[in-house]
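Subject: Structure handover

Hi,

Here is the structure I said I would pass on. Have a look first, and my notes on the ligand and its pocket follow below.

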Amino acid sequence: MTDPPRVSLRPIRPGDVRALAAAELECFDDPWPEPYVVSELIAPGRFHRILVDPAGMLVSYLFSAWQYLDLHILKIATLPAHRGLGFGRRLMIVAEEHAVEMAGETLTLEVRTTNTPAIRMYESLGYDRVGHRLAYYTDGSDALIMTKRVGVG
Ligand SMILES: CC(C)(COP(=O)(O)OP(=O)(O)OC[C@H]1O[C@@H](n2cnc3c(N)ncnc32)[C@H](O)[C@@H]1OP(=O)(O)O)[C@@H](O)C(=O)NCCC(=O)NCCS
């Protein structure tokens, strides 16, 4: 078995937009178009992070947005070739550490009810199922709402 690549963590930069838009096509049925990725990068109250390999190639990425005291996970993905190696979990922990550092109270996300790998990851990190949104996605799929409380409030 080959070792997982060494990766480094950094904020997402404008120069990453093209790689992110390509990754979106690989990772999602409803990818964010490039202009939407750009709009997220310049929006206020955001926390976005990326893992890159030693050659600078994108491995995994996370977009999140503050909504008062909740850090909302907008998106997380690991490129298919790098899945199952702990990178998604690592980015989720980075987001949680940021939420704690900023005195946030919760982290919240929506996930397709059919997305077993993601739901397992969130549950293994301590996220609870707190709601269900019917036909939340454009293709009519339902969403689970999951939350993790990290603050005392
Ligand atoms: C969900 C996703 C981000 C996980 O990323 P990853 O880097 O492969 O995840 P990790 O290797 O850190 O795994 C973390 C945990 O997720 C769960 N998991 C990951 N892949 C899984 C799979 N194929 N089946 C079941 N559980 C899985 C496991 O609980 C795993 O922990 P473990 O390795 O201790 O068992 C990745 O599958 C992905 O990019 N999917 C497409 C995009 C997506 O659906 N994003 C989430 C919705 S916004």
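A quick definition before the contacts: I call it a polar contact when a pair of N or O atoms lies within 3.5 Å. Please also keep in mind that this is a predicted model.

On that basis, Gly-88 has a backbone N or O atom 2.8 Å from an oxygen atom of the ligand. Gly-84 does likewise, with a backbone N or O atom 2.8 Å from a ligand oxygen. Arg-83 uses its side chain instead: an N or O atom there is 3.4 Å from an oxygen atom of the ligand. As for cover, the ligand taken alone exposes 920 Å², and the protein buries 72% of that.

Now the shell. The ligand is surrounded by 18 residues, with Ile-76, Thr-78, Gly-86, Arg-89 and Asn-115 the closest. By type, the shell splits into 10 nonpolar, five polar and three charged residues. Strand 4 (70-78), helix 3 (87-101) and helix 4 (116-124) each put at least two residues into it. Which element gives the most to the shell? That would be helix 4, with five residues.

Then the pocket. The ligand takes up the space of the largest pocket, which holds about 1,100 Å³. Its lining runs to 33 residues, and those nearest the centre are Phe-28, Ile-76, Asn-115, Ala-118 and Tyr-122. Two or more lining residues come from each of helix 2 (34-42), strand 4, helix 3, strand 5 (106-112) and helix 4. Here strand 4 has the largest share, seven residues, whereas in the shell around the ligand helix 4 gives the most.

Cheers

How values were computed. Residues numbered from 1 in each chain as written. Predicted model: local features only at pLDDT ≥ 70, side-chain atom pairs only at ≥ 80, totals over all residues. Heavy atoms only, no water. Near = heavy atom within 4 Å. Polar contact = N/O pair within 3.5 Å; in protein donor to acceptor, adjacent residues only side chain to side chain. Areas by Shrake-Rupley, 256 points an atom, 1.4 Å probe, with all protein chains shown as cover. 1 Å grid on protein atoms, 1.4 Å probe; cavity = no way out; pocket = protein on both sides within 12 Å on 5 of 7 lines; lining within 4 Å. Sits in = over half its atoms within 2 Å of the grid points. Helix = DSSP H or I, 4+ residues; strand = E, 2+ residues; numbered from the N terminus. Nonpolar A, V, L, I, M, F, W, Y, C, P; charged D, E, K, R; others polar. Points joined across faces, edges and corners; volume = space filled by probe spheres on them.
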